[in-house]
Amino acid sequence: MTVRLPDAEDVRAAAARISGVAVRTPLLECAALDVRSGGRIFIKPEVLQRTGSFKFRGAWNRLSQLSEGEQRRGVVAWSSGNHAQGVAAAAHMLDVPALIVMPSDAPRLKIERTRGFGAEVVLYDRLTEMREEIGARIAAERGAVVVRPYDDPAIIAGQGTVGLEIAEDAARLGVALDAVLVPAGGGGLAAGTALALGAAMPDAKVWCVEPQGFDDHARSLATRQRLGNEAGGQSFCDALLAPMPGELTFAINTARLAGGLAVSDAEVMAAMRFAFEELKLVVEPGGAVALAAVLAGRFDARGKSVTLVLSGGNADPAVFARALGG
């Protein structure tokens, strides 16, 4: 893919574009989490972002740069739900037609909310069909712009504003972060965050966190080559089930990330329960993996200052009730 990789300056430009549109989410502290982990832990709650996830940042950064002709022709995206909602919301706000290709087994809440923003939704079977092929065909037929969920420089730069805010707020608190843990599906959030922190707080190590069985980033980073997940794997972390790291995102992550971690569904459920009981936040499974890594001891936070990104809060009600033991 011969596309210029984004850099820290692109992240700063994205921050200017989303200012006043996206929510600047705070850094939160929790005494109970510090006690459990032995470190000083900060939470970046992107569950409070527009559409309930960080994805709105990249979507707005990408769509706000469309030309007038591109705006008229509209956009096509594919997503299991959070990118779908981010693109649909940004498109609605900019009066841009949007069509989103979504898996038929995506959480009903995510499908309904994507349609609620006015986007057209086309469902597909993720076991027998390729969303990229469907989306590319429709985009070609309509002359629409494809807005990829992670392998797009403007998307990566937009997601990187999470890392930029973390660095700015930590500096304002007088805290030198040792590590930042970020959920990873296609790797856009991790890549953007690593770009921002590499410039603003270079001593902070960025780790990506994935569900067990979908730890393609961890394995790819270890071998320094893009590896896919084995077919037939299952996890309820629907937002993090990308088949392999993105091409652009891996080019950034392989140079900048400290490594990858994997957590079980049971550990994620425990993290969702902890977030609800102690942080008073609703976190979806994929959004809770970084918290799970600390709570389960997958990452040793003892004596460290660490930020955990809670990337999304669009939890299916039945799944959330199960995580709470209901």
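**A helix pair and a pocket**

The crossing of helices H11 and H12 is right-handed, meaning that the near helix is turned clockwise from the far one by less than a right angle. The model is predicted, with local features needing pLDDT of at least 70 and side-chain atom pairs pLDDT 80 or more, while totals for chains, interfaces and linings use all residues. Residues are numbered from 1 along each chain, and side-chain values use heavy atoms, without hydrogens and water.

Two packed helices are described by the angle between their axes and the distance between the axes. Here, H11 (residues 216-223) and H12 (residues 247-256) pack at about 60°, with axes 10 Å apart; helices are DSSP runs (H or I, at least four residues) numbered from the N terminus. His217, Ser220 and Leu221 of H11 meet Phe250, Asn253 and Thr254 of H12, where contact means heavy atoms within 4.5 Å.

A pocket is an open set of points on a 1 Å grid where a 1.4 Å probe fits, with protein on both sides within 12 Å along at least five of seven lines; lining residues have an atom within 4 Å of a point. Helices H1 (8-18), H3 (55-63) and H8 (153-159) each supply at least two lining residues, and H8 gives the most, with three. Among the lining residues are Arg4, Asp10, Arg62 and Pro153.

Note on methods:
Axes are lines fitted to C-alpha atoms, for helices over the stretch in contact, and angles run from 0 to 180 degrees between N-to-C directions.
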